[in-house]
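Keep the 3D view open as you read.

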Amino acid sequence: MLVPLVEISKCLFAPLRKKIGFLVYYNKNVSDLEKNVKSLGETRNYLIIAKEEALHRGETIDVPVEEWLRKVVEIESHVKKFDSLVEEHKRYFLQGKCCPQLSSRYKLSKEAVEKIRAIRELQKDGRFNTTSHIGPPPGMDQMPDGDFVAFNSTVLAMNQIMKALNNSDINIVGVYGMPGVGKTMLIKEVGRLAKKECTFEDVVMVAVSQHQDLKKIQREIAEELGLNLGDESKDLRARRLFARLKQQKKVLIILDDLWSRLELREVGIPCGVDHSGCKVVLTTRRLEVCNQMDSTCNVKVGVLSEKESWDLFQSVVGNILNSPEQHDIAQDICKQCGGLPLALVTLGRTLRHKDIGTWFAIANQLRMSNPMHIEGMNEKVFSCIKLSFDYIQSEEAKLIFIYCCLFPEDFEIKIESLVRCGIGEGLFADVQTINEARTRVKVIIDNLMASNLLLSTGRRGYVKMHDVIRDVAIYIALAPEHGFFVKAAAGLENWPKYGIPKNAKRISLMDNQIYKLPHEIEYQELLTLFLQGNYKLREIPDNFFAAQKSLKVLDLSNVYEDGLNFFALPASLSCLKNLRMFYLKERQLNDISILAELPNLEILSLRGSSLKELPQEIRKLSN
């Protein structure tokens, strides 16, 4: 009889002991909860910082991370209420109310233990290997409509394009018109509406430009689709892209600024019989290109009417047309722009805040202008852009502007590159530090953008040039006083035999496929040389720089893409005694001790190079 009684007493005492424990260890449980909440808060703060950094990089936060943070907020809210009850319990104790105190003490202690258990479980779940991932790029519908103005003429063209895109028998739509008429702005709005109205699952827009680069086109389409194309052959990239686009039921590909036929299958774009749900819209200056692309519907973008032109011009220059005289000269200038939005906006922003004398001077120059021929260039557009350039106030700003044409068409130009090139050439005579130069260039860039001579890219620290404005900038840059020679991303495989004048001051052959350089070049006035991005260039002849004693800016980044072998610097590099800026980014480098022989070197970039440490000789450099 004794054994059963012992067993019964154990069964009764076990839960009682647990309940007594809640009373006895009340202070410890409350204290432990406080410590666990503090530890949870530290983990939460770490993840919040990681989340903010990921969002700053444009990444998407993983769903489990967001859910975990939500649970933390929830449990912290419960703990806050619990703390209030603990404080209330203390007041009961101070008032000597024993019975309520024991009951409350038990409940609070038990609740503290339960919360500690939940927090520890949450802590285990909060050990994430990653917090974010690169999500798909935002669609065109997420972008604001910018400077697009829906005039009757543009709405008519847009409606024609949208109607064609909804026609199952039409796969390729051609949009053509003279430069500066607003084709790109119009087609961006078409893409934005097509995505917003769910006409297409995906809308992808890429700039093709005059010199077609299939790999670049493939890469940009893939990036828009969230597809990663490795450093593979064009054919393999095309097959991957083709397969990816076939997955979409309805997809719109916009090819901006075509100059000649583009083989869609070579790019990897399925169209027509390959994929009836994939449609292509192209923009070009010439109807002939539309026909070459076998477009089944062609839409012409015409110039604005006189009233539309006047409304746009007034909106740009602002409410400053006070006198009848100024009103008349403004209307004269507006007519000289020929209904071309680019000319109206560019010249209008140049004239804003100018006195009446400047208005008369520009009107006279527009009437007398007689520009040289630039392929596909409208005379009125040329005159307006050239005049806007002429009225840039400082020579520094003019040179920064034309410096932008050294980069390829549609290239996103890093403002810091302009700063460093300006320092390298000694453009800023009264600037003492690089931060002062950055401030100077920022003011210049802001003014150029306000004048519509440069455009925003949507990325902080970058700008770009409208292709038409770049054409005019190159024309200006060819003048002997500037001495530019630009063949960037032109598909070159060799150093140009002809065309580079002996008095060239700035040469850009960047982003080509040049694999061989001449043994020696003689451009005694050469200040800047861009050769970056020629990944096939295996070596530079030892005497190549021997006669380039005036060279101040040199970029050899991203040449010779071979991870197994080192890129050797030529012996004649030591002749560049005036070199002030040298870029050698993303290179397999071995011996760079020759750089110690460049006494005026101020800016050296080795970012992404294979060097583990700098040689001792570099200490000789004092700038």
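What span should the 13 residues of helix H12 have at 1.5 Å a residue, and how far apart are its end C-alpha atoms? The model is a predicted one. Helix H12 covers residues 324–336.

Now look at which residues of H12 are covered. Gln326, Ile329, Ala330, Ile333, Cys334 and Gln336 are its buried residues. Viewed down the axis of H12, they fall within an arc of 155°, so they line one face of the helix. An α-helix has 3.6 residues a turn, so residues three or four places apart point the same way. The face turned away from the buried side of H12 carries Pro324, Asp328 and Lys335, which are exposed.

Another helix, H8, spans residues 234–246 and contains Ala243. Is Ala243 buried, partly exposed or exposed? It counts as partly exposed because its relative accessibility is 43%. In sequence, Ala243 and Gly268 are 25 residues apart. In space, their C-alpha atoms are 8.3 Å apart.

Next comes a sheet. It is open, has three strands in the order S8-S10-S9, and pairs them in the antiparallel sense. Strands S8 (413–414) and S9 (455–456) stand at the edges. Each has a single partner strand, so one side of each is left without a neighbour in the sheet. S9 pairs with strand S10, residues 462–464, over two bridges. Ser456 has Val463 of S10 as its bridge partner.

Turn now to the empty space. Rolling a probe the size of a water molecule over the atoms shows where such space is left. The structure holds one cavity of 30 Å³ or more.

Pockets, unlike cavities, are open. How many residues line the second largest pocket? There are 18, and Lys354, Tyr391, Gln393, Asn447 and Ser451 lie nearest its centre. The volume of this second largest pocket is about 460 Å³. Helices H13 (341–351) and H18 (434–450) each supply at least two residues of its lining. H18 gives the largest share, five residues. By class, the lining of this pocket has eight nonpolar, seven polar and three charged residues.

Terms used: Residues are numbered from 1 along each chain as its sequence is written. This is a predicted model: local features need pLDDT of at least 70, side-chain atom pairs count only at pLDDT 80 or more; totals for chains, interfaces and linings use all residues. Side-chain values use heavy atoms; hydrogens and water are left out. Helices (H or I, at least four residues) and strands (E, at least two) are DSSP runs, numbered from the N terminus. Buried means under 20% relative accessible area, exposed over 50%, partly exposed in between (1.4 Å probe, protein chains only). Two strands pair if DSSP finds at least two bridges between them. On a 1 Å grid over the protein atoms alone, a cavity is a set of points where a 1.4 Å probe fits but cannot get out, and a pocket is an open set with protein on both sides within 12 Å along at least five of seven lines; lining residues have an atom within 4 Å of a point. Grid points are joined across faces, edges and corners, and a volume is the space filled by probe spheres set on the points. The expected span of a helix is 1.5 Å times one less than its number of residues. The arc is that of the directions from the helix axis to the C-beta atoms. Ala, Val, Leu, Ile, Met, Phe, Trp, Tyr, Cys and Pro count as nonpolar, Asp, Glu, Lys and Arg as charged, and the others, Gly among them, as polar.
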